[in-house]
Amino acid sequence: MASPVVLGIESSCDETGVGLVRHGRLLGHALASSMDEHARFGGVVPEIAARAHLHALTPVVRRALDEAGLRLSDVGAVAVTTGPGLSGALQVGLAGAKALAYSLGVPLHGVHHLAGHVAADTLEHGPLPNPCVVLIVSGGHTSLLLVRDLARDPIVHLGDTLDDAAGECFDKVARAFGMPYPGGPAIDRAARAGDPRAVPLPRPLPGSYDFSFSGLKTAAARWAEAHAGHALPVADGAASLQEAVADVLTRKAVAACRAHGVATLVVVGGVAANSRVRALAEERCRAAGITLRVPPLRLCTDNGAMIAAVGDLLVRAGAAPAPLDVSIDPSAPLEYAALHPVAAPGTAAA
């Protein structure tokens with residue numbers, strides 16, 4: 001029996017994404033971002049994000065279907081991010097997904113947002129090798145994982161963020177440098193004209209697979225403060241910060257592959273779009289004889305295609321769908337790709 005078309009909805013932060021996937025193939029996807037509405041505040045405002053999802057969800061569903069050349073009646077399953085993320089934003093996506101699944105009479109699958117980032121790579125490069133090491137680097141998360149069968153097996157955490165994630169570090173330092181939000185792309189652009197050795201910045205937790213970018217953030221901010229009253233060499237600061245982050249990420253990831261005898265490293269998440277992270281990962285993997293897989297830029301940041309990809313894997317694995325009273329978990333740990341939290345009786349969903 002042919003695999004059904006899976007419609008995926010992502011609404012965990014400031015981007016409303018919808019994707020359509022069948023048997024590992026991306027049929028179409030669409031995205032609406034409220035980033036410009038948050039830029040003047042220097043970060044995401046949860047209430048603005050939730051309102052933007054309300055306005056965008058239906059048009060984005062229509063655009064994704066049009067791109068795929070499909071009708072809503074062609075959809076055979078719905079997948080949606082149920083955590084982690086902003087509570088109000090997640091609620092909008094889940095409500096829309098429940099309405100679609102109920103009206104179409106198709107199963108609903110709750111999906112962990114970070115598992116979506118992992119699955120995004122399958123849309124470009126095919127099934128994940130079993131096992132593989134996955135480095136997730138985004139605005140709020142930095143994790144080093146050992147992944148086997150994403151749809152069936154528990155996900156093993158080798159290392160995680162202890163404080164600031166890599167993307168969060170970029171955003172906060174960019175603000176200290178007087179650069180616009182979001183900070184990651186601004187740092188990347190400025191770094192092209194800078195010297196990555198100009199500023200001696202620390203490499204946190206060298207003997208661990210865990211990540212800590214709070215001290216690096218503070219060191220870069222203190223360097224900027226020391227130039228008060230003088231022109232700040234932004235390009236050098238950006239290049240040095242980017243080099244420090246890329247060095248830490250790729251060094252730990254390659255070391256984890258060697259320690260666990262894994263031949264493939266997959267780098268995913270918004271910070272995987274950073275040019276120096278990609279280049280240094282490629283350089284170090286080549287030297288170590290490790291195969292590197294990184295999704296194309298359009299699939300690195302939050303999108304609905306990655307959620308549909310997880311839903312497609314779950315459907316093909318015969319996973320049980322979510323119960324009708326599935327809720328959200330804004331701080332859900334990544335244990336399995338499927339995430340079906342249910343609010344306790346008498347309590348509202350978080």
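Predicted model: local features only at pLDDT ≥ 70, side-chain atom pairs only at ≥ 80, totals over all residues.
Me: How many of the residues of strand β5 are buried?
Reply: Strand β5 covers residues 108-112. On one side L108, G110 and H112 are buried, and on the other H109 and V111 are buried, so both faces count as covered under the cut-off of 20% relative accessible area. The number of buried residues in β5 is therefore five of five.

Me: In which sense do β4 and β5 pair, parallel or antiparallel?
Reply: Strands of a sheet can pair in either of these two ways, through backbone hydrogen bonds. Here β4, residues 75-83, is joined to β5 over five bridges, and T81 stands opposite V111 in β5. The sense of this pairing is parallel.

Me: Which helix belongs to the β-α-β unit with β4 and β5?
Reply: The unit that contains β4 and β5 is right-handed. Its helix spans residues 87-104 and is α3.

Me: Which strands stand at the edges of the open sheet of five strands?
Reply: The order in this sheet is β8-β7-β6-β9-β10, with mixed pairing. Two of these strands, at 156-160 and 291-293, each have a single partner strand, so one side of each lacks a neighbour in the sheet. The twist from one strand to the next averages 20°. The edge strands are β8 and β10.

Me: Which residue is the bridge partner of T264 in β10?
Reply: Strand β9, residues 264-268, runs parallel to β10, and three bridges join them. In β10, the partner of T264 is T291.

Me: At about what angle does helix α4 run to β6?
Reply: Helix α4, residues 113-120, lies across β6, β7 and β9. Relative to β6 (132-137), the helix runs at about 120°.

Me: Which element gives the most to the largest nonpolar core?
Reply: This core has 48 residues, and V133, L135, F213, L241, L249 and L265 touch the most other members. Several elements supply at least two residues each, including β6, β7, α8 and β9. With 12 residues, the element that gives the most is α9.

Me: Which residues does F213 contact, leaving aside its neighbours within four places in sequence?
Reply: F213 is one of the residues that touch the most other members of the largest nonpolar core. Beyond those sequence neighbours, its contacts are T142, D163, D164, A165, A166, C169, V245, V248 and L249.

Me: How many residues make up the other core, which lies apart from the largest one?
Reply: Among the members of this other core are V6, V147, A151 and A305. Its number of residues is 32.

Technical notes. Residues numbered from 1 in each chain as written. Heavy atoms only, no water. Buried < 20%, exposed > 50% of the residue type's maximum accessible area, 1.4 Å probe, protein only. Helix = DSSP H or I, 4+ residues; strand = E, 2+ residues; numbered from the N terminus. Pairing = 2+ DSSP bridges. Right-handed = clockwise from strand over helix to strand, strands pointing away. Axes fitted to C-alpha atoms, helices over the stretch in contact; angles between N-to-C directions. Contact = heavy atoms within 4.5 Å. Core = buried A, V, L, I, M, F, W, Y, C linked by side-chain atoms within 4.5 Å.
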